[in-house]
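User: Please go through the backbone and pocket features of this model with me, one at a time.

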Amino acid sequence: MKTVSLISPIGGIMIEDFFVDKPSSEESKGIMEKMYHSIPESSNGRYSLSELRPIEEVYFDFLKRGDKLLVLRGQGEIIGHVHFGPQRDERFSSNLSGHIYDLYVKKEYRGMGAGRTLLRSALKELKPFFQKITGNTYRFGTGWHMLKSEGFSEKRITLSTNKRLADSRTNAFEIFRGLPEDLGKVFVEISSSPSLVENQLQMTSSELFFNLNEIMDSGGRILICRQDEETVGVLIYSVFEDIMTYSLLGSIEFVFVSKRFRRMGIGRNLLSFLNEYLSISGVEESFFECAFESDYHLWSEAIGMKEFSVLLEKKL
């Protein structure tokens, strides 16, 4: 237990005897309820309480994976909490990292260092076990500014797209649902530029091929773009249920266009076809994750995808 002092922005008043502590089981249950009711704020308005799944479904695994909670106490109450623990990014790495899942401070105590105190306490707990710590937030928000000031840097970005994306398809290219073996037909060209794969996707060609096959084995599907019987582009996607609501969402797992066919709108064509196809099945929105400030990032924004969230990372 560590006692800290928070400085009020109003007249520089010092509020003494605040301390970081572990919550009781009953307090942890109350924090879970507060996290649930703060989802509209933490999601930057994406979700409303009326459309959320019941709390037991949203947090069915709350604190069951080695996660921890710390609270900041003062003035006879809990004024904030931080939820953190291990996370494995199975798509891009088999290594475990520490992750900040949620950080919340009551509005009347914000701007006084309470959030920073909780964050630093979580980092201290995570440091002995992990080489890097990550956190998801939206750019330029309060959480983003705090993580940046504590040495975190942008690592990956998630963008969203929906059926309103402009359709620029031409008759020169044919797009259709492919078969899993179609991936192997274009992978020779993909793997011929290993530096491109490593720079854009932060993995080796063999890791990419393994991961994409895992996605296909787990229900992923492939779209093929052809011109005169030649495969010029592929898009791999999957469909899943939103963990917050009962809506179906799409995940754009991988997009590739042959080098001599780039800058011809094939990537946009594939995406437009996907959005139109998924909307028939009730999927209104899809997401695409890529390395921050990579060519994929620039392409995604250029064709009209909207920034959804950013993953920041701090190496220890």
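User: In which loop is the place of Glu 229?
Analyst: This is a predicted model, where local features need pLDDT of at least 70, side-chain atom pairs count only at pLDDT 80 or more, and totals for chains, interfaces and linings use all residues. Residues are numbered from 1 along each chain as its sequence is written, and side-chain values use heavy atoms, with hydrogens and water left out. Helices (H or I, at least four residues) and strands (E, at least two) are DSSP runs numbered from the N terminus. Glu 229 sits in the loop between β9 (221-227) and β10 (230-241).

User: Is Glu 229 buried or exposed?
Analyst: Its phi is near 70 degrees, a positive value in a residue other than glycine. Buried means under 20% relative accessible area, exposed over 50%, and partly exposed in between (1.4 Å probe, protein chains only). Because the relative accessibility of Glu 229 is 67%, Glu 229 counts as exposed.

User: What is the relative accessible area of Arg 263?
Analyst: Arg 263 lies in the loop between β11 (248-257) and α9 (266-280). Its phi is positive, about 65 degrees, although Arg 263 is not a glycine. Arg 263 is exposed, and its relative accessible area is 89%.

User: Which element supplies the largest share of the lining of the second largest pocket?
Analyst: Elements that each supply at least two residues of this lining are α6 (181-190), α7 (194-201), β11, α9 and α10 (295-302). The largest share, 5 residues, comes from α10.
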